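Trainee: Please take me through one part of this model in detail, strand by strand. I would like to know what pairs with what.

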Amino acid sequence: MSIVKHKPFYWLDIFKTEKFLSDLSADGLFLCGMNFFSGDLYFEKGEPCRKSYVIRRSPKCGGAVPRKMREDGWRSVCGNRNNYAAEHDGEVSITPSCRSYRKMISVLKFLCFYTVLFFLGYISGFVTGYTEDGIPAKGDEDYWYFWIILSVMVLITAAVVIGCIIAYIRLRKCGKVYDNILKVETDIDFTIPRENFIYTKAEEKQLRREKKLVRKFRIGWYLSPDLTEKYVEEMERKGWNFYRFGKFGIIFFFIKGSPRKIKFAVDYQNDISDEYLLSNMEAGWKLQFKSVTKVSGYIVWLKEYEGEPPQFYSDGDSMLRHARTVMITYLCIYIPCLIIYGDMLISLDFGSENFRDGFLLGAILALLIEITVMIILSVGFYLRTRKKCKGDF
């Protein structure tokens, strides 16, 4: 009869879980099965003998251990379509790719953030739009009803917010463990490679005074990267050479020079590994920018060429998959915001002469317009890419 142990969030620190399995084997409990969704671990009793274990998520692996690991003596214990667990006699140090777990942590951090945003937005909408005349006065029919409902909502919101903050801190700590293994911290000073700062700030100011350096503000350009790529490449043809980005990626710096042919490419990567960077650099691409966030992380490359322009994505399927990723990522970000602010807008009194209501109305309308534009840009990028991949233009 097998023994069951429960580890529902075993993947938060997969290396700690693997050590746990190894310690159990020294006590005579050996892993024989696993539910990769719920985290239920099944063990068989045997003679104590310390073994090493690895548990990994590998899409379409079919539960099979990679060939290189099999050659090194690893044996499959259990698995399913996208996961496998393997064992090795004795203590063996190995760190197969755990990129999928790091990505799952990034997604959960994203959900924590937007859960907090949703609850805060909902309670704000309730308070601002409950009645036309504001908060009910004592003695009114709805006075106690309002405060009871509000108190319950505040307690629930406080519990959710505190829980999400604690979960976010825990997830961030776990994410750093994987970051150290994956070496995602590259030689990038915040967002821009150090070698991109050719001139000092004083020299840049002098170039601007001489009108040899210009700055272009392009907010939300990453939502339609194909149009941005064409814009930069057109500037290059006019003799304005791309110099660098601003710190947050909103400002484009161009220096007056000679026309040249360059390919500007925007890629989306949640985890930027050394392998990813080196493979692109060896192909002649120069790194220009890395976004701060990882869930909606984008990275920008530039390559000078002669003759036919190089392709960052080698085939139509890759281009379409890239565009789909951009669209889905930003729809997941902006649609919840659209719902939250739309609900707040509906709850406002459009006929009120109160300054606060007027200010909130203007601010929410501006946000809704901005969010709608962002959604249109990301969807438009996908539709243009799909049309291009079908050969319509």
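Mentor: His 6 has Asp 40 as its bridge partner in β3. Strand β3 covers residues 40–45 and is joined to β1 by four bridges, the two running antiparallel. Strands here are DSSP runs of E with at least two residues, helices are runs of H or I with at least four, and both are numbered from the N terminus. Two strands count as paired if DSSP finds at least two bridges between them. This is a predicted model, in which local features need pLDDT of at least 70 and side-chain atom pairs count only at pLDDT 80 or more, while totals for chains, interfaces and linings use all residues. Residues are numbered from 1 along each chain as its sequence is written, and side-chain values use heavy atoms, with hydrogens and water left out.

The sheet that holds β1 and β3 is open and has three strands, in the order β1-β3-β2, with antiparallel pairing. β1 (3–6) and β2 (29–34) stand at its edges with a single partner strand each, so one side of each has no neighbour in the sheet. On average, neighbouring strands of this sheet are turned by 35° against each other, direction ignored; the axes are lines fitted to C-alpha atoms, for helices over the stretch in contact, and angles run from 0 to 180 degrees between N-to-C directions.

Strand β11 (residues 251–256) pairs with β9 (residues 213–217) in the antiparallel sense over five bridges, and Lys 216 has Phe 252 in β11 as its bridge partner. Strand β10 (residues 240–245) also pairs with β11 in the antiparallel sense, over five bridges, with Asn 241 opposite Ile 255 of β11. β10 and β11 form a hairpin with five residues between them, and Gly 249 in the turn has a positive phi of about 80°. Strand β11 is mostly covered, as five of its six residues are buried. Buried means under 20% relative accessible area, exposed over 50%, and partly exposed in between, with a 1.4 Å probe and protein chains only.

As for the cysteines, a search of the whole structure finds zero disulfides, a disulfide being a pair of cysteine sulfur atoms within 2.5 Å. The sulfur of Cys 112 has its closest cysteine sulfur in Cys 164, at 4.8 Å, which is too far for a bond. Cys 112 counts as buried because its relative accessibility is 12%, whereas Cys 49, at 38%, counts as partly exposed.
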